[in-house]
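Please consult the sequence and structure below while reading.

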Amino acid sequence: MDGFAQQVTASVGGTGAGGEGFITLDGVEKVFQVRRRTGPLRRERREVRAVDGISFQVARGEMVGYIGPNGAGKSTTIKMLTGILTPSGGRLRVAGIDPSRERTRLAHRIGVVFGQRTTLWWDLPLRDSYRLMHRMYRVPDRRYRENLDRCVELLDLGELLDVPVRQLSLGQRMRGDIAAALLHDPEVLYLDEPTIGLDVVSKAKVRQFLKELNADRGTTVLLTTHDLTDIEQLCRRVMVIDHGRLMYDGSVAGLHAVGESERMLVVDLERELPPIELAPEGSGPVLRAVRVEGVRQWLAFPASMSAAPLVARIAAEYPLLDLSVREPDIEAVIAKMYEAAP
Ligand SMILES: Nc1ncnc2c1ncn2[C@@H]1O[C@H](COP(=O)(O)OP(=O)(O)OP(=O)(O)O)[C@@H](O)[C@H]1O
């Protein structure tokens, strides 16, 4: 880890009461050998360091965000945590198991959801995919029925059980996939982009479910996403990786402070007005218009601040018709982190 990363790394999770974390990575690396054609008869070999010496620990029951720009190494890390890929170096343990050596034993203790792919059988109704998984994982009948009933109720799957997977909408399919990953009661759940492409209502359903799962069952969750709202609503701790290295490990508020990121309130007013600026007691403005188009204004404020008091003040002081909050994107936060680096 370089100087900058050390400076911004302030773990809020960890091992709990002594010993190793439930998930432990110690200097983990993954190097791919890539061959590229450079001429009719020439090929060039190149190394891609997808994961470049990552160390962290996640305690049992934690819900941690694992974020970074495209190609940062997130999926490669998750694939190593499931045992699909073998690390090129370093040490990795999940629940005391070395994933690539004991992949089948680990499979009974983890659940995986890849947002971009489904683990369900495309032509079968959801119910039949679940039956197959019941047998594959040899889940005791009673436990299987309890887990299925719970998922069907909380993920609103009742009407969908007899529909072939290919006929489900993306949001319905995602809820179906999350249920499939939980039928065998895993202690760890890896989620790779679970809300990608979902509408606002489906995202809210998925987030609420994950919150309850973590709170009620103590399931350890590692969540990869491009949507910072997922992280804000679900995780106390977030890790940022870029170019295969850990750049930040700490609280979500701390991430915004390090990245000096801003959120945006987009307001529609009853009439055109001069740019809005709100000052707190004493110091400079906390919120300022960065764009005005007719009755619509884009108002930037520090992402580490709560939007609620600002919204209340705007609603009290201005003729407000409509309002929405936009989160900063991860790429922008990381770009600011680099700018802020000494
Ligand atoms: N099987 C592979 N062979 C060669 N290179 C690979 C392979 N898998 C991943 N890579 C490379 O490793 C790097 C990290 O990829 P990875 O898929 O882990 O990133 P990511 O953070 O999940 O990105 P995204 O957000 O786009 O999914 C990229 O440069 C990618 O091209």
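## Domains

The protein chain is assigned two parts: domain 1 covers 3-109 + 186-257, and domain 2 covers 261-340. These bounds come from an automatic or database domain assignment. Taken over C-alpha atoms, the centres of domain 1 and domain 2 are 32 Å apart.

The model is a predicted one, in which local features need pLDDT of at least 70, side-chain atom pairs count only at pLDDT 80 or more, and totals for chains, interfaces and linings use all residues. Residue numbers start from 1 along each chain as its sequence is written.

## Contact between the domains

In domain 1, 14 residues are in contact with 11 residues of domain 2; contact requires C-beta atoms, placed from the backbone, to lie within 7 Å. On the side of domain 1 that touches domain 2, at least two residues each come from α8 (228-234), β8 (237-242), β9 (245-251) and α9 (252-259). Of the elements on this side, α9 gives the most, with 4 residues. Helices (H or I, at least four residues) and strands (E, at least two) are DSSP runs, numbered from the N terminus.

By class, this side of domain 1 has 10 nonpolar, 3 polar and 1 charged residues. Ala, Val, Leu, Ile, Met, Phe, Trp, Tyr, Cys and Pro count as nonpolar, Asp, Glu, Lys and Arg as charged, and the others, Gly among them, as polar.

## Surroundings of the ligand

The residues around the ligand include F32, V48, N70 and K74; a residue belongs here if its C-beta atom, placed from the backbone, lies within 6 Å of the molecule. Two or more residues of this shell come from each of β1 (23-37), β2 (43-58) and α2 (74-82). The most are given by α2, with 3 residues.

The shell around the ligand consists of 5 nonpolar, 6 polar and 1 charged residues.

How values were computed:
Contact = placed C-beta atoms within 7 Å.
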